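Visitor: I would like to go through this model and hear the grounds for each label.
Guide: Please take a look at it here.

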Amino acid sequence: MDKNSVSRTNIIGGSEVVAISVDMDKSVIHETNSLFWDTKGNDVLGATSLPLYGAFVSEENCRLFGDVSGKKMLEIGCGSGHSLQYLGERKAAELWGMDISENQIEKTKQHLTECGLSAKLICSPMEEECGIPEDYFDFVYSVYAIGWTTDLEGTFHRISSYLKKGGAFIFSWSHPIHKCVVEENNTFVFKKCYFDESWYSSSLDESTLTLSDRTLSTYVNALAKAGFLIEQMIEQSDDEIIQSRGSSKFAKKAKMLPVTFVIKARKL
């Protein structure tokens with residue numbers, strides 16, 4: 001293993017991957033990750049969408065949105081469009097989505113058309129100004145996408161600007177503890193420092209992605225700086241969903257420690 005490499009847990013599942021430390025260069029990271037999602041992203045990582053916030057957390061149990069009828073919704077990292085479909089079928093008034101990948105935008109457009117729904121879609125990194133209206137949305141949400149940002153504080157400030165006063169921001173991501181722990185000989189062991197937020201690249205099925213594993217306090221403090229009040233945080237997996245996965249290693253891990261976290265915050 002290269003001296004600059006370290007073992008880390010895969011972003012979604014419980015498998016172990018080799019990660020190579022890289023310099024923080026926004027343009028390079030955007031190019032790498034947009035290419036990843038333009039090509040093999042869905043094949044490698046699959047797609048997480050509402051009603052699921054992650055492998056073992058569901059909106060049907062958490063009920064963070066409540067009644068969305070007549071509400072204006074913006075999704076950060078719209079992926080293949082299934083979360084927008086979920087909210088559109090629940091009578092949301094307007095659907096908006098943004099994604100860094102042109103391929104994902106096209107998938108969303110095609111999927112929603114097939115479902116008899118429409119959305120205003122924008123291809124852009126979430127950190128950048130892209131013409132989304134300010135003080136406009138009742139909900140901004142992100143399902144397993146917010147962690148791809150290269151500028152967490154800047155992204156949260158932009159999301160705050162999109163929301164009406166009192167609007168809600170709901171997002172999920174891979175739990176940082178989950179990213180530190182792997183299974184070895186039927187035992188879970190720490191393989192990475194929880195406080196290590198350095199950038200790294202991993203190759204999965206001949207595709208490369210670049211990420212940083214942030215601590216929970218980094219997310220919480222960034223929300224506070226952007227003027228949000230946290231209303232709820234969920235990190236416990238749902239027992240029924242775990243049982244439905246049988247005796248997989250990932251389900252076993254989810255019984256022992258959090259693998260996904262979800263936060264609902266309100267714009268003050």
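Visitor: How do you know that strand E9 and E15 are joined, and in which direction do they run?
Guide: This is a predicted model. In it, two strands count as paired if DSSP finds at least two bridges between them. Seven bridges join E9 (residues 163-174) to E15, so the pair meets that definition. The two run antiparallel. Within E15, Ile263 is the bridge partner of Phe171.

Visitor: What makes E14 and E15 a pair, and which residue of E15 is the bridge partner of Leu229?
Guide: Strand E14 (residues 228-234) is joined to E15 by six bridges, and the cut-off is at least two. These strands also run antiparallel. The partner of Leu229 is Arg266.

Visitor: Why is strand E15 called largely enclosed?
Guide: Buried means under 20% relative accessible area. Seven of the eight residues of E15 (residues 260-267) are buried, so the rest of the structure largely encloses this strand.

Visitor: What is the order of the strands in the open sheet, and what is the pairing?
Guide: The order of its seven strands is E7-E6-E5-E8-E9-E15-E14, and the pairing is mixed. On average, neighbouring strands are turned by 15 degrees against each other, direction ignored.

Visitor: How do strands E8 and E9 run, and how many bridges join them?
Guide: E8 (residues 137-143) and E9 run parallel, joined by six bridges. Phe137 stands opposite Leu163 in E9.

Note on methods:
Residues are numbered from 1 along each chain as its sequence is written. This is a predicted model: local features need pLDDT of at least 70, side-chain atom pairs count only at pLDDT 80 or more; totals for chains, interfaces and linings use all residues. Side-chain values use heavy atoms; hydrogens and water are left out. Buried means under 20% relative accessible area, exposed over 50%, partly exposed in between (1.4 Å probe, protein chains only). Helices (H or I, at least four residues) and strands (E, at least two) are DSSP runs, numbered from the N terminus. Axes are lines fitted to C-alpha atoms, for helices over the stretch in contact, and angles run from 0 to 180 degrees between N-to-C directions.
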